[in-house]
Amino acid sequence: MIIFAALAVLLPFLSAAAGLLGSRWPGHARDEQGDERANRRAAWVAVVPTGISAVLAGWLAATHGAGFGGGEVLTSSPSGGTGNGGPGTDGVTGTLTVVDTGSIPISVGLVVDDLAATAGVLVTVVALAVQIYSVGYLRGDRRYPSYSAFISLFTSAMLLVVYAADLLVLYVGWEIMGLCSYLLIGHWWEDRANSRAAVKAFLVTRLGDVGFLFGIFVLGAAADSFKINDVLAAVPQMSSGTLIAATLLLLAGVAGKSAQVPLHTWLPDAMAGPTPISALIHAATMVAAGIFIVARLYPAFLAAGPTLDVLAVLAALGMLGAALAALAQDDLKRVLAYSTISQLAYMAAALAAGSDSAAIFHLVTHGAFKALLFLCAGAVIHAVGSNLMSMMGGLRKELPITFVTMTIGFAALMGLPPASGFFSKDEVLAAVEQAVSQGPLTDAAALLLYGSALATVAVTGAYSTRAWLRTFFGTRPIVALPEPAPGTARVIETHEAPATMKWPIIVLAVPALLLGLVRIADVHWGTAGLSVAVALLGAGAVYAVWRSDPLSDPARMLGPLRAPCERAFYVDSVYQWVFARPVLALARLVVRTDDRVVDGAVRGSGRVTLGLSGLVRLTQNGNAQLYVTGLLAGVLLISVGAVMFG
Amino acid sequence: MHVVYPAIVSALLFSIGVYGVLARRNTILVLMSVELMLNAVNLNLVVFDVWLRDRLHGGQVLTLFVIVIAAAEIGLGLAIVLALYRNRQTVDLDHLRALAEPSPPGVTATSDATPGTDPAIPGTALAHATSGDETAPSAAGPERTSGRREDS
Amino acid sequence: MTSLMNWLPIMLLGVPLAGAVALIVPSRPDGAAGGRSLRVHGLAVSGITFALSVVLAVAFDYGDAARVQFETDMAWIPGLDLRFHLGVDGISLPLVVLTALLTFLCFVYLSWGKADGPGQLLRPAPAGTRPRALVFTLLVLEVGMIGTFLALDLLLFFVFFEIVLIPMYFVIAIWGGRARRTAAIKFILYTLLGSVVLLLGLLLIWAQTGTLDVIALARAQGTGMSRSVQIIAFVAVGIGLAVKTPMWPLHTWLPDAHTEAPTVGSVLLAGVLLKMGTYGFARIAIPVLPDGAAAVAPWLGAFAVVGIIYGALACLAQRDLKRMIAYSSIGHMGFVLLGFATLTPVGVNAALFGNIAHGLITGLLFFVAGAVKERYGTADMPALGGGMLSRLPHLGSLLTFACIASLGLPGLAGFWGEMLALLGAFEPAPGLSRPLFLTFMAVGGIGAVLTAAYFLVMLSRVTHGRPVDTVHVPALAGSGPAEEAVAADYGTLPLTGTSGAGAGGSADEDDSGRRDGQPGPRAAGDAAGFRDVMRHELVAWTPLVGLILLFGLWPKALLLVTDPVVRTLVGAP
Amino acid sequence: MTEAVPSYLSPTGQEIIFLLLGAVAVGSGLLVVTTRQLVHAALWLVVCFGALAGCYLVLTAEFVAWVQVLIYVGAVVVLLLFGIMLTRAPIGRSADLDSGNKIVAAVVAVATAAVLVTVVIDGFRTAYTPLDPGAGAAKELGSAIFRNWVLPFEALSVLLLAALIGAIVISRTDIRGRD
């Protein structure tokens, strides 16, 4: 069984390698035809292994769910690695080899349990969708082969995170995901802004990752093993200080990867990448990795109360702030990006409130509907040729399929029944509501969280409605389109997208609409009613404002808050002033210091030597009398010495 | 006769000679001071010869020899001084700096600014040694440039 | 068979030495044929050496990596009880193979391509690059480098340690860039100064223990030396090695030397020479002087983390590509030293891993940076403009790969050294202050972020964006926004040879023209100057890429070799 | 030799004369090295050499004394005066006869004097010699030279010849070396 997990991880990796090295092989034809051939080859190389991985992941989920757990252990080590895997807490582990590091060994191994199986399905399905969608979206792009290879690499890394049985192995996948994210955001690197966004994404997440690594160290050292199962088993023996330190450090990585306050700023900028990437990696999968990790190590978090409080406060801040920011954006993709931050904060809230199942449920449904929303947005942008909503309007007639599917997506986002978001958000809210009375959180944090969550429901309704109305209703302003920048789209024809783009949308609309029904039995109707009412309140307010003047932006209802919201409360500027500029100034200072002080000391020592020799050389002035004087003085000294000591 | 008296006189004369050699600028005066030193030595030789009653009269004979050598020395020395004077128009010791290191740029040395004189000097090694490279207009010229090349 | 195997270390030294000596014998004047035979000669000699090192690696008994194998122990100077003692164990084996590999790849790089390609130094004599001398110098360099890693006698170690300096001096001073004289003199004076201190330390050890045998000294674990003597000896030896490593603040020779050295010189300098310093820590300083190490370790760690941060910050504001990579070496060596400073098996493992990884990655980086410099005629980043990925896609991709490996991405070799060093700092050896090392760890973590920052910023500047036809915009390339504006302006202009290109190119032709006796790459036109990765470059670089991937994905391959030795040396169970 | 050293407090007549002559020699020697006039220096040199000749006489070295007068006063100083003339040295006072090295030179000279005098006094405090007239007569010296010192004497003559030739070669301008 583990070998299938291993295959699921390795296949995309091999496909990435093949895609990078082989798609232009043989011959380096750089003409139109060569490009097309290469793209076609790359598409097959990318899609097929991802598809197989998806099947494998699905099979893993199915068999594991069907109770094969703990049966099968595979040792697939080529060089005598020890396969000491066995039934863990509730899953199958397999260890390929153990790497001795000198202290705590790293065991290269995989584990499949409920959580991993579920997440694996989500990842592979989304990856498959993005691969297929990209074939159409990036038709004719010369760099499609590398692009698809990076997605494959990403898939592989994410699957590694999902299936990893060892925290350091997990970290490997975790970082490679960050790299892929960097490479994909920077896909259109001709534009400096894209390049900057890519760098920012990588750096911000890496900042969190360092904390994450240290958290792993703390946990690993306390448990004397990096194996997740061992760590979780050792949690009860750990001191609370250790746990709090470890989980807070882990939280840094989670905040970075899942774009939570205060490390969220990279996500809106990451929308500079191609839309499929924004949709599926930066909305559905990679950003969910942080939530996934918390769920993975949930016992450790549950045992560390203060960490959950911190998480709750961060989530509360993040969900409301991001939702408000979303309300003021003009760029459709940025609206969705801020919405992603807000929804991820919901998941974090559920985790903080003590319900990891609600978080994972919301993760899955959010993956589905947010992916749907982004792909629809991609279709819209593809059609309009601009990211800005002020360029859109009245598209429901021209893009009927996109209109329908995106409506489903927005409904799910707002949490309107029967869309999937309704059920998952209801569970989250119920969990948070419960946390107010009981649970791991302190009262203040829980109250703050609950209030924030409700407010966010309203604001979510508002910005969803605003985006929906401004995109599909009203009339399209007649503006002379500028030359398309290389970050947007190739074609500017207002009609439905090609089939490879259309079908993933339609397919994704189904789970976005129906996924929630599996948990229909668990709905807390009271909470649900309240949430729907609040959401409709927000939506209604926006609609009322929009009705009064369909051409202008309903965001004007924010009044003086609008500017701060649009700039996302100036967090970027603050970071710019607090971190980026000082670091750069420090760097320049260091270079100057290095030249003047450190190297100056070196050169100075040389110069002092030369100067001293110059001084000595002054006596060598050619005056023979001086020489004789010195000679005689020396003889005198010697004779005095000889007389006195001889 | 106490031996100390002539010995002290000779020591003082010698020191005076030392002072003259070190302090006088004119080459002829330096030669004179050298003579003073030689005479101090002579006095010593004589007094020790007398004191030790040397059967071979080594001290006094040696004094005679020294006097002879001093005469030869003064003859040669004056010849050199004359050659020097013909070449440089000066006999001042501190203007004769051909022994100097080529000074680094910036440090001004009191080198002789005498333009190259008649190269048809009697071709003795000494003339070459004192006046530096005959073919160059100034002794410091080529050496200074080569020195700078090494510095950089 | 065994006795034959025992000759391997001597052959590893003898083959390049014989190859070098053979070059002294005068032969036909260096014509075109002479040039070709020279290429074959260098390639063959280094190839045989590399093959021998591979044989060594294959014949090595991995089950007993802690034992010194293939030992050769002969009297050298009997009067002083100096012995010619060579051997290989788990610490030195990877470095020997790395050295032989990098030298071989350098020769591949030099010999394989067309003689008139950019940056080719092995050109027939009329062009005046003294190919025979270059081959000779590199082979002597190889003897010194391999000898350093094989030596098991303190003075023999020192002799090889010093032998390396002279050829490297000539490599920089003869085949280097514009300011090569200064850089070479700085290099040799600085490192010689360090060597003197090292020698004093070694002599102190000798005077106290009466033996120079590394194995015996390591086994004694410092008995026979009082604590204060050990501290003094460690400081002396440590300073000598730290100059070579280089440790902040003894690093300033490195950027100059790297900037001016030719490509092969940079590669060997970064790939092997720096390793000699760290190897000395693992071989001599820590095992022989455990008490001294324990006392000095906090200082070592402090300097190491300062070096990490300092190197990263210096890189962030660097303009010159090669200089930036040189400063990045300081940061990476900081991680290596931090690993040593923890005095734990994991830390020392990390250091040794980081050593090898840095040799591979920085070797590759310098190869690529050298290729960039040869094509553009400059390594000044503002002058390079941007858009390398579109102008030279393969070269740009390789540069990206090397940078990403260097910033310590998991899955590539650079990660494990850094990660394990931080892990070591998390739990330093008993007796060391834990809070202090936790601080080191945190600072090191920030350094890792900064490392990523400068590499990504560099990639963003150089590989991203649109290519600017005029690579020289000296007056306008001051600040970021201005530079972009210029880039954008030129991007829209028709890409004809503007006056700026002609004027800017001339300064640089002075250099290349003088060195090559031929028109520089810019004058030869874009067709010749901007060829993407060429065959000989690909051949030379692919093994490095492969090994970076291998060690990144399968760190056990290296840890398997080093871990047993480290455990015995550090004295852990 | 050193039996019964007479007291220093009751000098003999020879000693008084010697000391007076010595004082003249030292004093004129000092004037040689300090005078501002070049010609005067030569003349003071004559006085100094004369006084020294007197000293030799007191010390019973009469032949040496006459040679001293003949060669030094008669030949060397005349040569020096010619040298002064030929180099067109200024006649009369000139301010720059001393180099800038004067103070250092004085220090060295005084130190030399101090050391020598100290050592001499320390070493020869007890040395005393009675003076026998005639010991340094021409006959004595002549037989010593031509009996025991013939070879050095002949070598010296060759040396003199060489010096003579050398001086001529150096000072004449019409003799060229081979190029």
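Predicted model: local features only at pLDDT ≥ 70, side-chain atom pairs only at ≥ 80, totals over all residues.
Colleague: How far apart are the centres of domain 2 and domain 3 of chain A?
Modeller: Domain 2 of chain A is written as two stretches, 198–479 and 489–558, and domain 3 as 587–645. The C-alpha trace of chain A spans about 115 × 65 × 65 Å along its principal axes. Taken over C-alpha atoms, the separation between the centres of domain 2 and domain 3 of chain A is 73 Å.

Colleague: What share of the residues in chain A is buried?
Modeller: Chain A has 22 helices and two strands, and residues 24 or more positions apart account for 78% of its contacts with a separation of 6 or more. A residue counts as buried if 20 or more other C-beta atoms lie within 10 Å of its own. Of the 646 residues in chain A, the buried share is 59%.

Colleague: How far apart are the end C-alpha atoms of residues 164–434 of chain A?
Modeller: An unreviewed UniProt entry annotates residues 164–434 of chain A as "domain: NADH:quinone oxidoreductase/Mrp antiporter transmembrane". Over these residues the chain is 78% helix and 0% strand. The end C-alpha atoms of residues 164–434 of chain A are apart by 32 Å.

Colleague: Are α5 and α6 of chain A roughly parallel or roughly antiparallel?
Modeller: Helix α5 (residues 167–185) and helix α6 (residues 192–223) of chain A pack with their axes 8 Å apart, at an angle of about 175°. Angles over 145 degrees count as roughly antiparallel, so α5(A) and α6(A) are described as roughly antiparallel.

Colleague: Which helix of chain A gives the largest share of the side that touches chain B?
Modeller: The contact takes 11 residues from chain A and 12 residues from chain B. On the side of chain A, the elements that give two or more residues are α21 (571–618) and α22 (624–645). By class, this side has three nonpolar, seven polar and one charged residues. The largest share, five residues, comes from α22(A).

Colleague: Which helix of chain B gives the most to the side that touches chain D?
Modeller: The contact between these chains takes 65 residues from chain B and 84 residues from chain D. On the side of chain B, α1 (4–23), α2 (27–52) and α3 (58–88) each supply at least two residues. The residues of that side divide into 49 nonpolar, 12 polar and four charged. With 20 residues, the helix that gives the most is α3(B).

Colleague: Is B:Arg53 buried or exposed?
Modeller: B:Arg53 lies in the loop between α2 and α3 of chain B, and it has a positive phi of about 50° although it is not a glycine. Because it has 12 other C-beta atoms within 10 Å, and 12 or fewer is the cut-off, B:Arg53 counts as exposed.

Colleague: Where is B:Gln89 placed in chain B?
Modeller: B:Gln89 is not a glycine, yet it has a positive phi of about 60°. With 13 C-beta neighbours inside 10 Å, B:Gln89 counts as partly exposed. Its place is in the loop between α3 and α4 (125–131) of chain B.

Colleague: In which loop of chain C does C:Pro249 lie?
Modeller: The peptide bond that joins C:Trp248 and C:Pro249 is cis, with omega about 0°. The bond from C:Thr245 to C:Pro246 is also cis, with omega near -10°, and C:Pro246 has its place in the loop between α10 (227–244) and α11 (253–260) of chain C. C:Pro249 lies in the loop between α10 and α11.

Colleague: What percentage of residues 149–170 of chain D is helix?
Modeller: The annotation "transmembrane region" in an unreviewed UniProt entry covers several stretches of chain D, including 103–121 and 149–170. Over residues 103–121 of chain D the chain is 100% helix and 0% strand. For residues 149–170 of chain D, where the end C-alpha atoms are 31 Å apart, the helix content is 95%.

Key
Residues numbered from 1 in each chain as written. Chains lettered and ligands numbered in written order. Contact = placed C-beta atoms within 7 Å. Helix = DSSP H or I, 4+ residues; strand = E, 2+ residues; numbered from the N terminus. Nonpolar A, V, L, I, M, F, W, Y, C, P; charged D, E, K, R; others polar. UniProt positions renumbered as here; feature names shortened; annotations may be inferred. Axes fitted to C-alpha atoms, helices over the stretch in contact; angles between N-to-C directions. Parallel < 35°, antiparallel > 145°, perpendicular 65-115°, else oblique. Domains from an automatic or database assignment.
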